Amino acid sequence: DIYTAEEIVKQRLRNGKPEYFIQWLSFPASHNVWKSAENISDKRLITSFTRNIHALNVSMQIQTMLLIM
């Protein structure tokens, strides 16, 4: 069966390879699972997650710089 992923919630490295914690569309969080990158058919999910993490990191750096000033 193929299910629709809503979003990637977090990432980890397992044996040096990235895995992503998937939130499934129309399923509760208790059904979230870890999937390797090669098992995610819609690579846009990974791209979106990576962009969001990058934006969050930039935002945190700016906030830190403002606190230092």
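User: How do strand 1 and strand 2 pair, and over how many bridges?
Analyst: Strand 1 and strand 2 run antiparallel and share 8 bridges. Two strands count as paired if DSSP finds at least two bridges between them. Strands are DSSP runs of E with at least two residues, helices are runs of H or I with at least four, and both are numbered from the N terminus.

User: Is this an experimental or a predicted model?
Analyst: This is a predicted model, where local features need pLDDT of at least 70, side-chain atom pairs count only at pLDDT 80 or more, and totals for chains, interfaces and linings use all residues. Residues are numbered from 1 along each chain as its sequence is written, and side-chain values use heavy atoms, with hydrogens and water left out.

User: Back to the strands. Which residue is the bridge partner of arginine 14?
Analyst: Lysine 17, in strand 2, is the bridge partner of arginine 14. Proline 18, also in strand 2, stands opposite leucine 13.

User: What sits in the loop between strand 1 and strand 2?
Analyst: Asparagine 15 is found there. The hairpin has 2 residues between the strands. Asparagine 15 has a phi near 55°, a positive value in a residue other than glycine.

User: Why point that out?
Analyst: Most residues other than glycine have a negative phi.

User: Is asparagine 15 buried or exposed?
Analyst: Asparagine 15 has 79% relative accessibility, so it counts as exposed. The cut-offs are under 20% relative accessible area for buried, over 50% for exposed, and partly exposed in between, with a 1.4 Å probe and protein chains only.

User: How many residues of strand 2 are buried?
Analyst: 6 of its 8 residues are buried, so strand 2 is largely enclosed by the rest of the structure. Strand 2 also pairs with strand 3, in the antiparallel sense, over 4 bridges.

User: Which residue in strand 3 partners isoleucine 22?
Analyst: Valine 33 is the bridge partner of isoleucine 22. At 32% relative accessibility, valine 33 counts as partly exposed. The C-alpha atoms of valine 33 and valine 9 are 9.9 Å apart, and these residues are separated by 24 residues along the chain.

User: New topic. How many aromatic pairs are there?
Analyst: The structure holds 4 aromatic pairs. One of them joins tyrosine 3 and phenylalanine 27: the ring centres are 5.8 Å apart and the planes stand at 90°, so the pair is edge-to-face. Rings of Phe, Tyr and Trp (its six-membered ring) pair if their centres lie within 6.5 Å; planes under 30 degrees apart are stacked, over 60 edge-to-face, and the rest tilted.

User: What does the pair of tyrosine 3 and phenylalanine 27 tie together?
Analyst: Tyrosine 3 lies in the segment before strand 1 (5-14) and phenylalanine 27 in the loop between strand 2 (17-24) and strand 3 (33-36), so the pair ties together parts that are 24 residues apart in sequence. Tyrosine 3 is partly exposed, at 46% relative accessibility. Phenylalanine 27 is partly exposed too, with a relative accessible area of 35%.

User: And where are tyrosine 20 and phenylalanine 49?
Analyst: The rings of tyrosine 20 and phenylalanine 49 have centres 6.1 Å apart and planes at 80°, so this pair is edge-to-face. Tyrosine 20 lies in strand 2 and phenylalanine 49 in helix 1 (residues 44-68), so the pair ties together parts 29 residues apart in sequence. Tyrosine 20 and phenylalanine 49 are both buried.

User: Which residues form an aromatic cluster?
Analyst: Tyr3, Trp24 and Phe27 form one.

User: What sits over the ring of tryptophan 34?
Analyst: The charged end of arginine 12 does, 4.1 Å from the ring centre. Lysine 10 lies over the face of phenylalanine 21, at 5.2 Å from the ring centre. A charge sits over a ring if NZ of Lys or CZ of Arg is within 6 Å of the ring centre and within 35 degrees of the ring normal.
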